[in-house]
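Here is a short report on one protein model. Look at the structure first, then read on.

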Amino acid sequence: MNSTSVIATRRTVMAGTLSLTAAVAATSGGSANAATSKKASSSGPMGHGFVTAKDGTQIFYKDWGPRDGKPMVFHHGWPLSSDDWDNQMLFFLGKGYRVIAHDRRGHGRSEQVRDGHDMDHYAADVAAVAEHLDLRGAIHVGHSTGGGEAVRYAAHHGKERVSKLVLIGAVPPIMVKTAANPGGLPIEVFDGFRTALAANRSQFYFDVASGPFYGFNRTDAKPSNAMIMNWWRQGMHGAANAHYLGIAAFSETDFTNDLKIIEAPTLLLHGDDDQVVPVADSAEISVKLLKKPTLKIYKGLPHGMATTHADIINADILSFIQE
């Protein structure tokens, strides 16, 4: 394609986009104005809203699909937001499910508060969303830190509201090395996270996304700048204090007892090249603690495999929840 064709094509796309924008504005202006007049805790007609948690924190959520559809709730990883589930939410929306995801407190569009950055508050915030939307028999899907959040919620808030649980590269039972968890990562690893975040959060997030998170530091990897910058964007949208304090929440919380009391069938998906949450000290231990587990380990896949290999992960989740 020559330069003239490229310019013409770009003009055509821009013209079409502007026309679509104008049409949407003309047809939805009234409803948009009505939505802005609603209280923050109202779900509204827009498929998103805010819920007020027990301590007053405003939690942002998305709620797409038929209200009478089977609900799926997605729990994002650190330091991201519900945007990290775009692929999964669109996929399962297309299968007829009602898909819900929230931004953890201090992350994404949720309120940037000074405290409550621990798993108990995270799980309670999820409970507030579930109660507000009256979600029953929901399938909860958690990645990384979100896996810990989903486990804590299922164990203490969701016994009657959770039908199945999916954990992807999840942090349980506990990441840090302790006397009871000798195979864990030394505390110095997480102290290094805190130091790097405090020194230059922007650079740290770029390094994580362009390196171990998606496995782009492997010699045969083909890095995606779009994935890297989307990860960085989500991280920088959140609050530095929430992310700093959240490191202890995902690395030092012990989910052992939570896993033991969960009744829901649970699917554990993990890559054997996960450089962030090593499978040997997470999924391979969790599967021995759960009552109804199914473990699937993927050869060569990274921590961020729900993005890099979404087609594989989505298909396996669908198969599990349709059983």
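Glu263 is partly exposed, at 45% relative accessibility (buried means under 20% relative accessible area, exposed over 50%, partly exposed in between, with a 1.4 Å probe and protein chains only). Lys291 is partly exposed too, at 47%. Their side chains meet in a salt bridge, 2.9 Å from N to O (a side-chain nitrogen of Lys or Arg within 4 Å of a carboxyl oxygen of Asp or Glu).

This is a predicted model: local features need pLDDT of at least 70, side-chain atom pairs count only at pLDDT 80 or more, and totals for chains, interfaces and linings use all residues. Residues are numbered from 1 along each chain as its sequence is written, and side-chain values use heavy atoms, leaving out hydrogens and water.

The whole structure holds 17 salt bridges. One of them joins Arg109 to Asp83, with the closest N and O atoms 2.8 Å apart. Asp83 is buried, at 11%, whereas Arg109 is partly exposed, at 30%. Another joins Arg218 to Asp273, at 2.6 Å between the closest N and O atoms.

## The sheet

Eight strands form an open sheet with mixed pairing, in the order S1-S2-S4-S3-S5-S6-S7-S8. Strands are DSSP runs (E, at least two residues), numbered from the N terminus. Two strands pair if DSSP finds at least two bridges between them. S1 (48–52) and S8 (293–298) stand at the edges with a single partner strand each, so one side of each has no neighbour in the sheet.

S2 (58–64) and S4 (98–102) pair in the antiparallel sense over 4 bridges.
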